[in-house]
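Here are my notes for you, written as numbered points. Keep the viewer open beside them and look up each residue as you read.

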Amino acid sequence: MKRAFFLGGVVLLGMIVGWKAADRPEVAGRPRSEAISWMTVDEAGEKLKAAKKPVIVDLYTTWCGWCRQMDKKTYSNKQVAAYLQDKFYTVKMDAETHSTVNWMGKAYSFSPKYRVNEFAMYLTRGQLEFPTTIIIPPGEEPQAVPGYLEPKDLELLVKYFGEGFTGLNLLTRIRKVLREVGKKNGAGRVCTITI
């Protein structure tokens, strides 16, 4: 009886540990996603040398529930995944990584003061929210969009950059459109986006 109870406890513990590991966005050092072939920041930097494409970075943390939700719902969406694989270098990065990240000839390390990697600070201009989707058009500065995005919302964002619309700051254009909509509706209220 004691032996059966002990074995049952071991099996239950194994199931819990397995469930928790499967729920993490990264298992055994590689991001968990069958739909998208994620790469590291360093790998994307090397690929950019051969062929210019925008880079999309999924900036996450291991404790972020919305990050896991975005993995499960948005990045596993077949249309989104196919588009990203075709038009972007896809990077998944844990903002709290202690590993040194190399990007465009500069090394970024973990900052004990802020408890994140300095590259995450650079990508978000210090506005750390998770998840954050970052688009880096070739030769341009990163454009960060914080928060969970549904597949349809991410699709709008990535198609703008994926079809080659660069040179204009996307967030500036969004602000302008929102102001015009506010004026037309007479509401006088405008959503503000902090850059």
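1. Let's settle one word before anything else: buried means under 20% relative accessible area, exposed means over 50%, and partly exposed is in between (1.4 Å probe, protein chains only). You are looking at a predicted model, where local features need pLDDT of at least 70, side-chain atom pairs count only at pLDDT 80 or more, and totals for chains, interfaces and linings use all residues. Residues are numbered from 1 along each chain as its sequence is written, and side-chain values use heavy atoms, with hydrogens and water left out.

2. Now the cysteines. A disulfide here is a pair of cysteine sulfur atoms within 2.5 Å, and a search of the whole structure turns up one. C64 and C67 are the partners, with 2.5 Å from S to S. The link of C64 and C67 is right-handed, with 85° about the S-S bond. Are these two cysteines buried or exposed? C64 has 4% relative accessibility, so it counts as buried, and C67, at 2%, is buried too.

3. On to the charges. Side chains of opposite charge can pair when their charged atoms come close. The cut-off for a salt bridge is a side-chain nitrogen of Lys or Arg within 4 Å of a carboxyl oxygen of Asp or Glu. How many salt bridges does the structure hold? There are seven.

4. Start with E46 and K49, whose side chains meet in a salt bridge at 3.0 Å, N to O. Helices (H or I, at least four residues) and strands (E, at least two) are DSSP runs, numbered from the N terminus. E46 and K49 sit three residues apart in helix α2 (residues 41-50), so about one helical turn separates them. K49 counts as exposed because its relative accessibility is 65%.

5. Next, find K73 and E150, which form a salt bridge with their closest N and O atoms 2.9 Å apart. K73 lies in helix α3 (residues 65-74), while E150 is in the loop between β10 (143-146) and α6 (151-162), so this pair ties together parts that are 77 residues apart in sequence. K73 is partly exposed at 38% relative accessibility, and E150 is partly exposed at 27%.

6. One more pair: K152 forms a salt bridge with D153, and the closest N and O atoms are 3.4 Å apart. K152 is exposed at 56% relative accessibility, whereas D153, at 31%, is partly exposed. Look as well for D58, D71 and K92, which are joined into one network by salt bridges that share partners.

7. Time for the sheet. Two strands pair if DSSP finds at least two bridges between them. Four strands make an open sheet in the order β4-β3-β9-β10, with mixed pairing. β4 (89-94) and β10 stand at the edges with a single partner strand each, so one side of each has no neighbour in the sheet. On average, neighbouring strands of this sheet are turned by 20° against each other, direction ignored.

8. Zoom in on strand β9 (residues 132-136). Five of its five residues are buried, so β9 is largely enclosed by the rest of the structure. In a regular strand the side chains alternate between the two faces of the sheet. For β9, both faces are covered: T132, I134 and I136 are buried on one side, and T133 and I135 on the other.

9. Who are the neighbours of β9? Strand β3 (residues 55-60) runs antiparallel to β9, joined by five bridges, and I56 stands opposite I135 in β9. β10 also runs antiparallel to β9, with four bridges, and T133 has V145 in β10 as its bridge partner. The hairpin of β9 and β10 has six residues between the strands, and G139 takes a positive phi near 75° there.

10. Last, a helix pair. Axes are lines fitted to C-alpha atoms, for helices over the stretch in contact, and angles run from 0 to 180 degrees between N-to-C directions. The axes of helix α4 (residues 78-87) and α6 come within 10 Å and cross at roughly 20°. Angles under 35 degrees count as roughly parallel, over 145 as roughly antiparallel, 65 to 115 as roughly perpendicular and the rest as oblique. α4 and α6 are therefore roughly parallel to each other.
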